[in-house]
Amino acid sequence: MSTTTETRMNRAALVAAVAAETGIKAAQVDQIITATLDAITRTVTGGTPVMISNFGTWMPKKMPPRMARNPQTGDRFPLAGRQVVRFKVSPRLRTTVQAADPVAATARKRPKSR
């Protein structure tokens with residue numbers, strides 16, 4: 001177990017950060033974030049992947065039924081098939097995170113060159 005305290009950005013901090021960057025009121029940002037997450041959830045639940053350029057893709061995946069095992073007792077039991085969600089990080093986000101430069105990190109598209 002790690003002895004350092006891990007900090008995470010929660011929803012309120014995300015809303016505050018987006019509101020500060022855009023100049024939009026926090027209540028409106030919260031509505032936008034909620035609507036965005038709801039749209040992603042509904043789309044993936046319906047079986048369609050959601051791709052956001054320079055960020056990643058949420059993909060529904062059907063897991064087949066299988067035999068599982070209780071690790072404490074070793075007993076085997078059938079596990080029903082189910083649908084799960086997978087997230088695949090975009091190559092650009094992966095390289096941005098590896099660079100570890102929060103100032104330069106952005107998911108914005110690069111301008112088209114002429």
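1. Contact here means heavy atoms within 4.5 Å. With neighbours within four places in sequence left aside, serine 90 is in contact with Asn54, Phe55 and Gly56. Serine 90 sits in the loop between strand E5 (82-89) and helix H3 (91-99). Helices (H or I, at least four residues) and strands (E, at least two) are DSSP runs, numbered from the N terminus.

2. A word on the source. This is a predicted model, where local features need pLDDT of at least 70, side-chain atom pairs count only at pLDDT 80 or more, and totals for chains, interfaces and linings use all residues. Residues are numbered from 1 along each chain as its sequence is written, and side-chain values use heavy atoms, with hydrogens and water left out.

3. Overall make-up. The protein chain has three helices and five strands. From the N terminus on, the order is α-α-β-β-β-β-β-α. Among contacts with a separation of 6 or more, 33% join residues 24 or more positions apart.

4. Surface. The accessible surface of the protein chain is about 9700 Å² (Shrake-Rupley method, 1.4 Å probe; for residues, only the protein chains shown count as cover). Carbon and sulfur atoms hold 58% of that surface. Buried residues are 13% of the 114 residues. Buried means under 20% relative accessible area, exposed over 50%, and partly exposed in between (1.4 Å probe, protein chains only).

5. Back to serine 90. Is this residue buried or exposed? Serine 90 has a relative accessible area of 11%, so it counts as buried. Its C-alpha atom is separated by 8.6 Å from that of isoleucine 52, 38 residues apart along the chain.

6. Asparagine 54. This residue lies in the loop between strand E1 (50-52) and strand E2 (56-63). At 18% relative accessible area, asparagine 54 is buried.

7. Aromatic rings. Three aromatic pairs turn up in a search of the whole structure. In the pair of phenylalanine 55 and tryptophan 58, the ring centres are 6.1 Å apart and the planes are at 35°, so the pair is tilted. Rings of Phe, Tyr and Trp (its six-membered ring) pair if their centres lie within 6.5 Å; planes under 30 degrees apart count as stacked, over 60 as edge-to-face and the rest as tilted. Ring pairs link Phe55, Trp58 and Phe87 into a cluster. Phenylalanine 55 is partly exposed, at 34% relative accessibility.

8. Helix packing. Helix H1 (residues 11-22) packs against helix H2 (residues 26-45) at an angle of about 115°, with the axes 9 Å apart. Axes are lines fitted to C-alpha atoms, for helices over the stretch in contact, and angles run from 0 to 180 degrees between N-to-C directions. Residues that meet include Leu14 and Val18 in H1, and Ile33 and Leu37 in H2.
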